[in-house]
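I opened my notebook for a first look at this chain. Here is what I looked up, entry by entry.

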Amino acid sequence: MKKLLPFAAIAMLVLGACAQAGSAQNGPAKVTVTMSEWSVKMTQTTLPAGQVTFALKNDGKLTHELAILKTDLPHNKIPARVEDATKVQEIGIIGEIEDVEAGLTKTDVFDLVPGNYVLICNEVSHYQAGMHLAFVVK
Ligand SMILES: [Cu+2]
């Protein structure tokens, strides 16, 4: 009987892994955002509601960051800050991945409800240089 215990433990691990894979079938729960000067790309711009893993990959030479805004504003119409026009107002911010240095990738998980979103880089003047993108959660 003692020898059965390790098998039971392995079986539970395998079942756990299957359960995780199963939930991914409902929709991709992971998206990669690639940033460089001066662009933002996403592997897909329609995401399923719920927990979504964002991997921010910095393919550029400067430090970039990702801020997720839940807003119906067009992605190129986010207003500048009054006190510092080199950055925009983080309207409806639900999370961010801060300061990813060149060549690195940082990952975080965000809980998304259905709606319209804008993804921006809010390092100094990066938004104005074109680092913004719209995506939808359904
Ligand atoms: Cu940037």
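I began with the order of elements: from the N terminus on, they run α-β-β-β-β-β-β-β-β-β. That makes one helix and nine strands in the chain. I took both from DSSP runs, numbered from the N terminus, with helices being H or I of at least four residues and strands being E of at least two.

I noted where the model comes from. It is predicted, so I kept in mind that local features need pLDDT of at least 70 and side-chain atom pairs count only at pLDDT 80 or more, while totals for chains, interfaces and linings use all residues. Residues are numbered from 1 along each chain as its sequence is written.

Next I checked the confidence, pLDDT, which the predictor gives each residue from 0 to 100. The chain has a mean of 88, and 80% of its residues reach 70 or more. Over residues 16–24 the pLDDT is below 50, and this stretch has one contact in the model beyond near neighbours in sequence. A contact here means C-beta atoms, placed from the backbone, within 7 Å.

Then I turned to the sheet. Which order do its five strands take? I found an open sheet, E3-E9-E8-E5-E6, with mixed pairing; strands pair if DSSP finds at least two bridges between them. Strands E3 (46–47) and E6 (93–100) stand at the edges with a single partner strand each, so one side of each has no neighbour in the sheet.

I followed one pair further. E5 (residues 64–70) and E6 run antiparallel, joined by five bridges. His-64 stands opposite Val-100 in E6.

Methods: Contact = placed C-beta atoms within 7 Å.
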